[in-house]
Amino acid sequence: GITRHYKFDIKLYNVTRLCHTRSIVAVNGQFPGPRIIAREGDRVVVKVVNHVQNNVTLHWHGIRQLQSGWADGPAYVTQCPIQTGQTYVYNFTITGQRGTLFWHAHISWLRVTVYGPIVILPKRHTTYPFPEPHKEVPIIFGEWFNADPEAIITQALQTGAGPNVSDAYTINGLPGPLYNCSANDTFKLKVKPGKTYLLRLINAALNDELFFSIANHSLTIVDVDAVYVKPFKTNVLLITPGQTTNVLLETKPQFPGATFLMAARPYATGQGTFDNSTTAGILEYESPSNSSVSNQNKKLKLFKPTLPKLNDTAFASNFSKKLRSLANAQFPANVPKTINRQFFFTVGLGTQPCPKNQTCQGPSNTTKFAASVNNVSFVMPTTALLQAHFFQQSNGVYNTTFPTKPLIPFNYTGTPPNNTNVSNGTNVVVLPFNTSVELVMQDTSILGAESHPLHLHGFNFFAVGQGFGNYNPNKDPANFNLVDPVERNTIGVPSGGWVAIRFFADNPGVWFMHCHLEVHTSWGLKMAWVVLDGKLPNQKLPPPPSDLPKC
Ligand code: C2O
């Protein structure tokens, strides 16, 4: 591979959407941010200079970071923030991945404006395992807030309330024609008839899973989270925050000048409020030279897609079951068959008592919202976990007593217990190098069943099983798919159900795992794995780069 150099200047940038102008934190004066393009096997070097008042870190979401954990980026996990005026160089090699990923800020809620696509092309002299597309187009979904998102989350955490929801969803930063004051801010994809387009879909939204569809066109799914899948056609797809999906779009043989809407809106399961608006873009077929015909067509034909209802969990579950690894000779699925360590984690919401002398606006005025893994709400340390681990200074930073089972077992999909309080802690799970891990994640009904898109840093995992109700360790493993389960880095734990994943802990370092609904991360639905060095030199985490920011 070759080395690709990028420079990211983090600066303020004025953006107007929905008739509201805000000064946003952005990279190189672009919103969404610049695209990173590399081939599998290339090294990517990104020099990040922070010119804003905010502390910043960047995360290369889904990049394995094999032995380059110092470049992963979550604040206080692998690094201290890049402070005003500071520079940090992220340096990593793309190994064994091809497809689409994305980068985003990984501190507080900054990722709402600080994000952009990562396009990973196949190795030189290799091709896609599907027809070569005529053109490739990144489509990145996001959220727009008229108010400052940093102020929204800060206030929500102070009052214990659920934060205000966004004012629009966006396609490549543009809300589209279904919002007031937004007709000119519409993503338009001009296509030729009879061609194949590769759409690289990314959900960078803060808090919402999204359905996506293009009117009168079916999409062939070929790759998720930068891993090829067995292709299948669908009219609608579901994409959670943190997931990426490559689809082939075949344009029809004619339709001169006709336009079709593409649209995305939420799949929402929880009890809380959410932004239930719809973002749309336009697929426009090239006009014939006779422009009067085309203008006529434009008026006559504006096709609109139909999307599932907002809480269509049956669709979500059926869709995710259709995803299978390609699992052929060239791209085998290396699924762990024997397991060294099994874990059972409950993921869901909970409460914490309202601090004395304060009135809270949580689920009741004596409680505030919280979220947890196995009843523990993760508290961020004030120094980076990876540094503490590497320099053997974990005392006072984290402890290694993360519960491998829920502290308070109950019927997770039945009536919630009276006491919904969760405890606080900075606990990690320590894994020897190359441990084969099975992790079952169970949604809980506390404050309502809800789908949680769980994201694991540093690894891809195989989703070997999923189901509704309580996971049954005596029955459910018999149905696990160990042949061609989908391999990815972010998976929806089904609303009122569970998912089982497996992975090899073959990457030394400290790896964050969290719900990619940012509000749940803020409330503590997160934890970390510490993977120890192996014996061989190529199984060890190298020392940190000299410019690693200090806390
Ligand atoms: Cu996309 Cu920990 O993040």
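Which strands form the open sheet of five strands, and in what order? The order is β25-β33-β32-β27-β30, and the pairing is mixed. Strands, like helices, are DSSP runs numbered from the N terminus (strands: E, at least two residues; helices: H or I, at least four).

## Basis of the model

The structure is a predicted model, in which local features need pLDDT of at least 70 and side-chain atom pairs count only at pLDDT 80 or more, while totals for chains, interfaces and linings use all residues. Residue numbers start from 1 along each chain as its sequence is written.

## The five-stranded sheet

At the edges of this sheet stand β25 (428-431) and β30 (490-493); each has a single partner strand, so one side of each is left without a neighbour in the sheet. Neighbouring strands are turned by 20° against each other on average, direction ignored. Such angles lie between axes fitted as lines to C-alpha atoms, for helices over the stretch in contact, and run from 0 to 180 degrees between N-to-C directions.

Leu431 has Val531 as its bridge partner in β33. Pairing of two strands requires that DSSP find at least two bridges between them.

## The four-stranded sheet

A further open sheet contains four strands in the order β2-β1-β4-β6, again with mixed pairing. Its edges are β2 (20-27) and β6 (87-93), each with a single partner strand, so one side of each is left without a neighbour in the sheet.

Asp9 stands opposite Val49 of β4.

Strand β18 (residues 259-267) is mostly covered, with eight of its nine residues buried. A residue counts as buried if 20 or more other C-beta atoms lie within 10 Å of its own, as exposed if 12 or fewer do, and as partly exposed in between, with C-beta atoms placed from the backbone.

Antiparallel pairing links β18 with β13 (residues 209-214) over six bridges, and Phe212 has Ala264 of β18 as its bridge partner. Six bridges also join β18 to the antiparallel β19 (residues 279-285). With β20 (residues 302-303), β18 runs parallel, over two bridges. Phe260 takes part in two of these pairings: Leu283 is its bridge partner in β19, and Phe303 stands opposite Phe260 in β20.

## The nonpolar core

The largest nonpolar core has 153 residues, of which Ile501 and Ala528 touch the most other members. Such a core is a set of buried Ala, Val, Leu, Ile, Met, Phe, Trp, Tyr and Cys residues joined through C-beta atoms within 7 Å. Beyond its neighbours within four places in sequence, Ile501 is in contact (C-beta atoms, placed from the backbone, within 7 Å) with Leu439, Phe461, Phe462, Ala463, Val464 and Ile491.

## Domains and their contact

An automatic or database domain assignment supplies the bounds of domain 1 (1-125), domain 2 (130-325) and domain 3 (341-539). The centres of domain 1 and domain 2, taken over C-alpha atoms, are separated by 22 Å. Their contact takes 24 residues from domain 1 and 32 residues from domain 2.

On the side of domain 1 that touches domain 2, β2, β7 (99-105) and β8 (115-121) each supply at least two residues. The largest share, five residues, comes from β7. By class, this side has 12 nonpolar, eight polar and four charged residues. Here Ala, Val, Leu, Ile, Met, Phe, Trp, Tyr, Cys and Pro count as nonpolar, Asp, Glu, Lys and Arg as charged, and the others, Gly among them, as polar.

Terms used. Contact = placed C-beta atoms within 7 Å.
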